[in-house]
Amino acid sequence: MRATHSLFAPRELRLAWWQRPFRVSLLPLVAWLILGGIGTAALYSVSEASWEPYALRHLVRLGAATALLFAVVSVDLRRWLALAYPAYAAVLLLLVAVEFIGVVGKGGQRWLDLGVMHIQPSELMKVTLVLALARYFHARHVWTTQQLLTLVPPALMTLAPAALVASQPDLGTAAILVMIGVVVIFLAGARRLVFIVGFAAFLVALPVIWTNLHDYQRERVETFLDPERDPLGAGYQIIQSKIALGSAGVWGKGWLKGTQSHLKFLPEMKTDFILAAFAEEFGLMGALVVLGLYGIIIGFGLTVGLACRNHFGRLLAAGLGFAVFTYVFINVGMVTGLLPVVGVPLPLLSYGGSAMFTLAIALGLMLVVGIERERVIPRLAT
């Protein structure tokens, strides 16, 4: 049945699973594929013009993640509504499992070993948290959202995984989960006073938070405020990243010609600082193209959320759009020295599968909302 933007448009959409991929919006899908190609080219460059050990694996993961994206698209929006709580509970259990059998690496215990690959449950939580909160608020009228007691369950749903992630320790991802939860609650219609009081409480608690940070976390913040205090130690990453960006100019040094990356001055260039390595070779214009492609995906999530007729789809698409924004904003802030280094990757460019598969699920869900934006889902459907 064909859906239109008319006021009297049909509000039910019945498509077979194999028909649904043909209804997706092409622009964000094209942005996804181009970003994956840019990531492969950047990893090929930092591997000294070799497909091994990163570029070929990145390309294989891109193919698998694209298949996952279409698998998500093939599922009906109402089924995702029904799966929201079970998916959230399953990922929460995975976070608990990390506490006991997680793989230790890079100063934290954040991954689970599945044999063929390691997964980072905290990345998946960024999507399942939005799913669960969207389902919760879908079942309630906006006026009940303004009652304080109504906000207790979503606050606990946000803080429980954030506390588990903070204990790994991964303070950056924990902060992102809190930000995602706050934004979804705000979009659901909670009173502004709640956020003002919450922010004031956060400011009051800052001394306590600072006291309980690990030494390396305090060092990251101090280095962010003054990178020159330890130029060969904690400030080395930020300083080398700024040199790579500053020496690139408008058009860059050319593919495979980045000196900071090829002479191994740039640390973590295959993961957190891949944007610095790419921008060194493709300059300001290359970096703007990358940001523009992410802007297409983020903008699609926000616009399709605004156009959606059901509350679940509205919150889901807009919340996931904000989740993708946090990835990009924090990673770019790290690379440019505007934010402390907190280990947030740039999905599709950074080497690693968890962030890429998470973005595949997020974009797939946004595309589902785009297909079914005309659909009306009763609140009692939950």
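Arginine 309 sits in the loop that links helix H12 (274-307) to helix H13 (311-336); helices here are DSSP runs of H or I with at least four residues, numbered from the N terminus. This is a predicted model, where local features need pLDDT of at least 70, side-chain atom pairs count only at pLDDT 80 or more, and totals for chains, interfaces and linings use all residues. Residues are numbered from 1 along each chain as its sequence is written, and side-chain values use heavy atoms, with hydrogens and water left out.

Arginine 309 counts as partly exposed because its relative accessibility is 24%; buried means under 20% relative accessible area, exposed over 50%, and partly exposed in between, using a 1.4 Å probe and protein chains only. The side chain of arginine 309 also makes a polar contact of 3.1 Å with that of glutamate 374 (a pair of N or O atoms within 3.5 Å; within protein, one must be able to donate a hydrogen and the other to accept it, and residues adjacent in sequence count only if both atoms are side-chain atoms).

Over in helix H4 (residues 121-138) there is threonine 128, which counts as buried because its relative accessibility is 7%. Leaving aside neighbours within four places in sequence, threonine 128 is in contact (heavy atoms within 4.5 Å) with Ala87, Tyr88 and Val91.

Then there is tryptophan 32. Leaving aside neighbours within four places in sequence, tryptophan 32 is in contact with residues including Leu62, Leu69, Ile297 and Leu363.

Conventions. Helix = DSSP H or I, 4+ residues; strand = E, 2+ residues; numbered from the N terminus.
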